[in-house]
Amino acid sequence: MNEPIVARHWLVASAPKAAPAVATTTVLALARIWNANGAEHSFGNAALMTVLAAGAAAGGASLARAGEPVLAATGYAVSGSLALAGVAGYTDGLSLPLLLWALTTVLAYCFAARHWRQDRRETVAFERQVSERREEHAHIERVETLRAQTQVEVARTGAAYAEQLAQALVTRATLPGFDPKALETAGLPELPSTDSQH
């Protein structure tokens, strides 16, 4: 059975590659909005973001020890986002927030590239297994088709031979001097008598 060919649009295919930059840019934009609404030089807001970032990092570390790499990476990503938001919300200039945004984006791509490579390896291995399975099924199908064709050809040849033998025996029985008793003593099957045919 043939599988349908699905062609994905290039935007859909490239969307996961843009996700880290979109996430860090969104955090930076929200932090700057927060800065404009009273977080600038607010020690309480900075302390809150520090505590939240430290808590997320601690959660990521505990999840990493528990053997949950995806959740641990999520915890670390949340911690980095909160730290970026805290600094971008507290400072009055844009240079430090943009520097941290660039650093955070690079780190996000480094972590994401590792997972993308792993996903790519798993996809290639799966496609290889599917291809091998298809080739094996195609080989079995070809062998079974050849076997069926051979059986049909043998049956057709056997039927033609039996028909020719019967025709030869019937023709031989009509020849003068033919003795059916001699065939029976030789062990050949008895032929229908010519008298019963009239």
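## Exercises on a predicted helical model

R32 is buried, as its relative accessible area is 19%. The model on which these exercises rest is a predicted one.

**Exercise 1.** Work out why R32 is classed as buried, and find which residues R32 touches.

*Solution.* Begin with the place of R32 in the chain, which is in helix α1, covering residues 10-39. Finally, look for the contacts of R32: leaving aside residues up to four places away in sequence, R32 touches A88, T91, D92, G93, L94 and P97.

**Exercise 2.** Check how the span of helix α3 agrees with its 22 residues, and list which residues of α3 are buried.

*Solution.* Helix α3 takes in residues 69-90, and at 1.5 Å a residue its 22 residues should span 32 Å. The C-alpha atoms at the ends of α3 lie 31 Å apart, which agrees with that expectation. The buried residues of this helix are A72, G75, S79, L82, L84, A85, G86, A88 and G89, and A88 is also among the residues that R32 touches.

**Exercise 3.** Describe the protein as a whole: what are its elements, and what share of its residues is buried?

*Solution.* Counting the secondary structure gives six helices and zero strands, and the order from the N terminus is α-α-α-α-α-α. Of the 198 residues in the protein, 16% are buried. As for the surface, the protein exposes about 14900 Å², of which carbon and sulfur atoms supply 65%.

Key:
Residues numbered from 1 in each chain as written. Predicted model: local features only at pLDDT ≥ 70, side-chain atom pairs only at ≥ 80, totals over all residues. Heavy atoms only, no water. Helix = DSSP H or I, 4+ residues; strand = E, 2+ residues; numbered from the N terminus. Expected span 1.5 Å × (residues − 1). Buried < 20%, exposed > 50% of the residue type's maximum accessible area, 1.4 Å probe, protein only. Areas by Shrake-Rupley, 256 points an atom, 1.4 Å probe, with all protein chains shown as cover. Contact = heavy atoms within 4.5 Å.
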